[in-house]
Structures are given as structure tokens and as C-alpha cells.
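Reader: I would like to go through this entry with you, one place at a time. Could we start with a loop?

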Amino acid sequence: MTTPAGVTRIFAAITPEEADRLYDAPTRDRLAELGEVTWSHDGSLPADLADAYDVLITSWSTRKFEPRAVIGERLRLAVHTAGTIRGLFPATVLEQGLRLAQGGSAPMAVPVAELSLTLTLALLRNLHWMDRRLQATRDWRASGLGQLTHGIREQSIGIVGLSRTGREYASMVTGLGVRTVRAFDPFTTAEDAAALGVELVDLAELCASSDVLAIHAPVTEETRHMLDAAMIGRLREGAIVVNTARSAVIDMDALTAELVSGRLSAGLDVFDVEPLPADSPLYGLDNVLITPHVAGGTVEARFAQGAGVVDEIAAHLAGRPMRYEVTPEIYQRLS
């Protein structure tokens with residue numbers, strides 16, 4: 001995995017602008033200690049990548065490439081600084097000897113859960129509605145004075161998917177004193193859930209019993225439109241849906257119809273079409289809070305993503321297990 005001179009060669013296929021957000025000076029210094037680092041000018045891969053480099057670093061700005069570009073005599077590891085690697089690497093590269101790791105995904109769990117919690121609290125306290133009215137009218141009574149909202153402790157919180165973000169969200173709401181937290185996750189045991197302060201139930205029961213339904217599941221063949229019109233219809237009137245995960249987990253047409261009718265409320269960071277079209281019926285609804293797919297985007301998380309990538313590369317070069325290696329089994333569960 002090294003050059004004849006004994007130097008590990010690392011290629012970072014990331015644009016300079018994005019690299020500055022992901023790799024601060026101390027992290028770049030750590031990376032340079034591991035080998036000779038070449039930074040891309042435009043996110044593209046060099047023609048001789050697989051035969052001239054030992055490690056590839058990718059991220060959102062990495063240009064699409066043919067799978068054969070990463071299969072060669074020398075390249076043995078690719079580490080992704082962003083979320084899922086599925087958009088760049090097909091599962092077949094694992095069969096051909098390339099190791100994959102998602103070094104940047106874990107640090108995003110906390111900020112994604114934080115935004116999910118923020119949307120939950122804002123909707124329970126109706127902050128968005130009051131702010132919009134007060135900014136527009138300067139009238140305190142017309143903006144909500146005297147109207148009662150809801151506290152989070154008394155709510156029944158439902159979590160779809162105890163992923164890293166789902167677990168962080170569970171920890172946050174239980175930390176705020178919520179007593180009833182349930183989840184649906186076929187990959188989690190009841191004992192594991194109980195350690196988080198969460199009761200496992202099936203999806204139908206979760207929908208029927210939740211005041212707030214927070215989505216933290218990946219998109220796979222099994223989870224696509226898992227929350228269909230029938231499941232959404234089980235939600236009680238006035239329930240809140242929060243989605244900072246993947247839009248395709250829920251039937252957005254069915255959810256939109258419920259939001260337009262006013263039966264449900266929602267906080268949404270992800271959508272079927274992004275950017276959200278200007279004629280979307282979600283705009284202007286008093287019962288909807290929307291953000292432009294920014295849940296994982298904090299300064300701290302971005303630099304932690306870069307540091308996580310360096311940790312994975314260091315472990316690989318030292319012959320230690322990587323914390324976030326993507327095995328064939330794990331690959332099938334990724335969004």
C-alpha cells in the first residue's frame with residue numbers, strides 16, 4: 001500500500017472550497033503525517049488513480065466517475081467525508097478488493113438530531129407561526145398572545161429508525177424529560193432500545209400512538225415509502241411529523257395532502273425534489289416548517305468529518321479495524 005520509496009500516496013478528490021470547510025489546519029497536518037497528499041483542483045480523479053495512489057478521499061464535491069476508475073493494482077481504500085457512499089461507489093467495488101469507509105457520516109448524527117429536536121420544539125410551541133405573524137403585523141394579540149402551546153415532556157415521541165441520528169434524538173428527548181419514547185427498528189433488539197429509554201413497537205402502533213413522529217431511517221428497498229398513505233392516516237389529528245433523514249421514506253404526496261388539509265403539522269429538511277420547487281404547496285402553510293436540507297451542516301460537524309476521515313486512514317495504514325468500514329452487509333442498509 002505504499003510507493004517503492006515507502007511513502008503512502010493519498011488523493012483527495014474534493015474541491016478547494018469544500019476542503020476548507022472539512023479539513024482545518026490541524027487535521028491537514030495529521031493527514032500529511034500519514035503520507036503524501038494531493039488535493040484536487042476540481043473534485044475529479046486523476047487517470048492513474050488506482051495504480052498510483054493508495055488512498056482516495058471523497059465528499060459531496062467529488063465528480064462522478066466510472067467504477068473501473070478505482071480498481072487497480074494499488075488503491076486499496078476509499079474514505080468518504082460526506083454522508084452515504086452509494087452515490088459514488090457501487091457494491092461491486094467491494095468484491096473487487098477496494099475497502100470503503102464512511103469517515104464523515106458519524107459526526108453528522110448530532111447536528112441532524114439537533115435540528116430534528118429544534119423542529120420538534122418549534123412546532124410544539126408554534127414559534128414559526130408566532131414569529132411570522134409578529135413580523136408581519138407587529139400585533140402581539142394577533143401573533144399568539146394568550147394562545148396555549150404544548151410542552152415536550154408530556155408528548156408521546158415516536159422514532160422511525162434507531163440509526164445514529166435516531167439514537168442521538170432519543171437521547172436528547174429523554175434528556176429533556178420525555179417519558180414516553182417509542183421506536184420502530186427491525187435491526188434493534190428490545191434490550192438495546194431499553195438501554196436508550198425507548199420501547200420498540202411495530203410501525204402501525206408507532207404511528208397510531210405518537211404525538212410527534214421523527215424519521216431517522218435510511219432509504220433502502222425495504223424503507224422506501226414505508227410511511228405510506230395508510231400509515232400516515234394512522235397518525236392522530238394534530239400530530240407532528242419531523243423528517244431530517246430521507247424524503248423517500250415517506251409518501252410525500254400523502255403527507256402533503258394531510259398538511260394542506262391542516263390535520264397534521266410537519267418540520268421538513270428533505271424533499272423528493274431539491275431544491276423545493278417554487279410552486280410547492282408546502283410554501284406558506286402555517287402548520288409547516290421547512291429548511292433547505294441543512295440538518296448536518298454545522299461548522300463543528302464539518303471539521304469533525306474531516307478528522308474522522310483521517311482517523312479511518314490512520315487505522316487502515318496501521319492494520320487496525322476501522323470504526324466505520326462499509327462491509328457488503330452494511331452497504332445494503334445505507335441510504
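**A loop serine and its surroundings**

Author: Ser-247 is found in the loop between E10 and H11. Helices (H or I, at least four residues) and strands (E, at least two) are DSSP runs, numbered from the N terminus.

Reader: Before we go on, what is the basis of the values?

Author: This is a predicted model, in which local features need pLDDT of at least 70 and side-chain atom pairs count only at pLDDT 80 or more, while totals for chains, interfaces and linings use all residues. Residues are numbered from 1 along each chain as its sequence is written, and side-chain values use heavy atoms, with hydrogens and water left out.

Reader: Is Ser-247 buried or exposed?

Author: Ser-247 counts as buried, because its relative accessibility is 6%. Buried means under 20% relative accessible area, exposed over 50%, and partly exposed in between (1.4 Å probe, protein chains only).

Reader: Which side chain joins that of Ser-247 in a polar contact?

Author: The partner is Asp-272, at 2.5 Å. A polar contact is a pair of N or O atoms within 3.5 Å; within protein, one must be able to donate a hydrogen and the other to accept it, and residues adjacent in sequence count only if both atoms are side-chain atoms.

Reader: What else does Ser-247 touch?

Author: Not counting residues up to four places away in sequence, Ser-247 touches Met-252, Val-270, Phe-271 and Asp-272. Contact here means heavy atoms within 4.5 Å.

Reader: Met-252 belongs to H11. Which residues of H11 are buried?

Author: In H11 (residues 252-261), the buried residues are Met-252, Ala-254, Leu-255, Thr-256, Glu-258 and Leu-259. They pack against helix H10 (229-234) and the strands E10 (240-243), E11 (265-268) and E12 (288-290).

Reader: What caps the N-terminal end of H11?

Author: Asp-251 does, with a side-chain oxygen 3.1 Å from the backbone nitrogen of Asp-253. Just after H11, Gly-262 takes a positive phi of about 90°.

Reader: What is Leu-255 in contact with?

Author: Setting aside neighbours within four places in sequence, Leu-255 is in contact with Ile-232, Val-241, Ile-250, Leu-264 and Leu-268.

Reader: Leu-123 and Leu-124 are in H5. Why is H5 described as largely enclosed?

Author: Twelve of the 16 residues of H5 are buried, so the rest of the structure largely encloses this helix. H5 reaches 22 Å from its first C-alpha to its last, close to the 22 Å expected at 1.5 Å a residue; the expected span is 1.5 Å times one less than the number of residues.

Reader: What follows H5?

Author: Just after H5 comes Asn-126, with a positive phi of about 60°, in the loop between H5 and helix H6 (127-137). Asn-126 is partly exposed, as its relative accessible area is 22%.

Reader: Now H7. Where do its buried residues fall, seen down the axis?

Author: The buried residues of H7 are Thr-165, Gly-166, Tyr-169, Ala-170, Met-172 and Val-173. Seen down the axis of H7, they fall within an arc of 165°, so they line one face of the helix. The arc is that of the directions from the helix axis to the C-beta atoms.

Reader: What covers them?

Author: The cover includes helix H5 (109-124) and the strands E6 (156-160), E7 (180-184) and E9 (212-215).

Reader: Lastly, which residues does a cis peptide bond join?

Author: The cis bond joins Glu-274 and Pro-275, with omega about 0°. Pro-275 lies in the loop between E11 and E12.
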